[in-house]
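Subject: Structure for your files

Hello,

Here is the structure I said I would send. My notes on helix packing and aromatic rings follow it.

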Amino acid sequence: MYTKTPPFTLGIEEEYLLVDLETLDLTAAPEALMNDAADVLGEKVSPEFLQCQIEVGTGVCDTIADARADLAHLRKTVADLAGRHGLAPIAASTHPFAKWQQQEFTDKERYRTLERDLAGVARRMLICGMHVHVGIDDDDLRMDLMRQFTYFLPHLLALSTSSPFWEGEETGLRSYRLTVFDNLPRTGLPPTFNSHVEYERAIQTMVKTGVIEDSTKIWWDLRPSGRFPTLESRICDVSPLLDDTIAIAALIQSIFLMLFDLGMKNQRWRIYDRFLIAENRWRAQRYGASKGLIDFGLGQIKSCEDLFDELLETLAPHAAALGCTKEVMHTKTILKNGTSAERQTKIYHDAMADGASADDALRDVVRGLVKEFSVGL
């Protein structure tokens with residue numbers, strides 16, 4: 001049993017795509033834009049793998065209110081600076097019609113190494129994600145909570161899906177991003193480690209053989225951060241709406257506290273086989289929150305509305321302790337209004353029904369994403 005309560009601080013990272021306000025196609029970030037962003041935001045902004053991408057990250061936040069204020073400032077600043085260059089950021093995990101073959105890589109040693117090591121797989125990485133760090137400063141506790149938290153990863157993906165299109169085609173998936181990302185090595189659900197020593201032994205085997213330089217080249221859906229004393233959830237698509245991002249971050253923080261509190265009572269969340277969790281992960285990838293997930297205890301598929309009603313009831317005292325009850329309850333609004341993937345496909349089909357061409361309908365989708373980026377800032 002652990003006697004010291006972790007800080008459960010928060011850090012949120014988001015990746016955005018930059019689009020031309022006239023053509024709505026992707027465009028590379030001008031050097032002047034990146035320089036201006038660095039002047040204003042410092043290390044909280046950075047280029048990404050492709051020149052049409054930009055990444056932001058909050059500081060270490062004690063509360064969800066702090067995280068929201070920080071991320072809102074980052075979004076507003078990026079939007080304002082991009083607008084000076086006739087551009088706009090969108091927070092979606094794929095662009096509805098852009099071609100990966102037409103994108104240019106950022107000229108940094110890390111990205112050159114990735115392209116060299118991963119070859120054609122890397123060149124298709126025209127995708128964006130949202131990562132949430134939760135401060136847990138005990139090595140073995142991180143391993144213990146990682147084993148238990150894995151169960152909830154499909155639930156988080158279901159809420160966040162924002163990538164139904166790829167290269168101008170409706171894919172039928174709510175998170176096509178994962179289809180692309182899972183082609184990388186060392187992705188997917190995390191393995192089960194019984195201790196931090198066991199985890200470190202595995203990582204050092206990879207490092208000593210020269211396969212990876214360090215643990216930052218591990219891209220599981222949930223991983224111990226290679227830079228911070230945190231567990232980093234990486235399963236989520238990036239959400240166009242700030243309120244949705246914050247709700248998911250609050251949900252993640254509250255789940256970790258709930259699991260810790262169980263441990264303090266000599267209890268724990270049941271560890272289910274990765275085979276079963278992977279099936280829920282696929283359901284979330286394919287259907288988002290619209291078709292439900294498997295309740296392993298009952299042995300049947302339950303609607304996401306019912307699953308989250310139960311989860312939110314379980315999390316209520318923990319969300320209250322963290323001061324994020326309102327943000328966690330916003331989960332119900334996401335389910336009511338639909339995820340971004342559902343909104344995007346509705347815009348597309350509504351435009352087509354009104355006589356628009358497929359190309360024009362896809363541009364309507366991008367316009368919607370541009371608009372949603374700044375809602376609530």
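A crossing of two helices is called left-handed if the near helix is turned anticlockwise from the far one by less than a right angle, and right-handed if clockwise. Helices (H or I, at least four residues) and strands (E, at least two) are DSSP runs, numbered from the N terminus.

This is a predicted model, in which local features need pLDDT of at least 70 and side-chain atom pairs count only at pLDDT 80 or more, while totals for chains, interfaces and linings use all residues. Residues are numbered from 1 along each chain as its sequence is written, and side-chain values use heavy atoms, with hydrogens and water left out.

Helix packing

H5 (residues 139-149) passes H9 (residues 242-264) in a right-handed crossing. Their axes come within 10 Å and cross at roughly 110 degrees (axes are lines fitted to C-alpha atoms, for helices over the stretch in contact, and angles run from 0 to 180 degrees between N-to-C directions). H5 and H9 are therefore roughly perpendicular (65 to 115 degrees; under 35 is roughly parallel, over 145 roughly antiparallel, the rest oblique). From H5, Leu 141, Leu 145, Gln 148 and Phe 149 meet Ile 252, Ile 255, Phe 256, Leu 259 and Phe 260 of H9, contact meaning heavy atoms within 4.5 Å. By class, this contact has eight nonpolar residues, one polar and no charged (Ala, Val, Leu, Ile, Met, Phe, Trp, Tyr, Cys and Pro count as nonpolar, Asp, Glu, Lys and Arg as charged, the others, Gly among them, as polar).

H9 also packs with H6, at an angle of about 170 degrees and with the axes 10 Å apart, so H6 and H9 are roughly antiparallel. Here Leu 156, Leu 159 and Ser 160 in H6 meet Ile 248, Leu 251 and Ile 252 in H9.

Aromatic rings

The whole structure holds 15 aromatic pairs (rings of Phe, Tyr and Trp, its six-membered ring, with centres within 6.5 Å; planes under 30 degrees apart are stacked, over 60 edge-to-face, the rest tilted). One of them is Tyr 151 with Phe 296, edge-to-face at 6.0 Å centre to centre and 75 degrees between the planes. Tyr 151 lies in the loop between H5 and H6 and Phe 296 in the loop between E12 and E13, so the pair ties together parts 145 residues apart in sequence. Tyr 151 has 11% relative accessibility and counts as buried (under 20% relative accessible area; exposed is over 50%, partly exposed in between; 1.4 Å probe, protein chains only). Phe 296, at 13%, is buried too.

Regards
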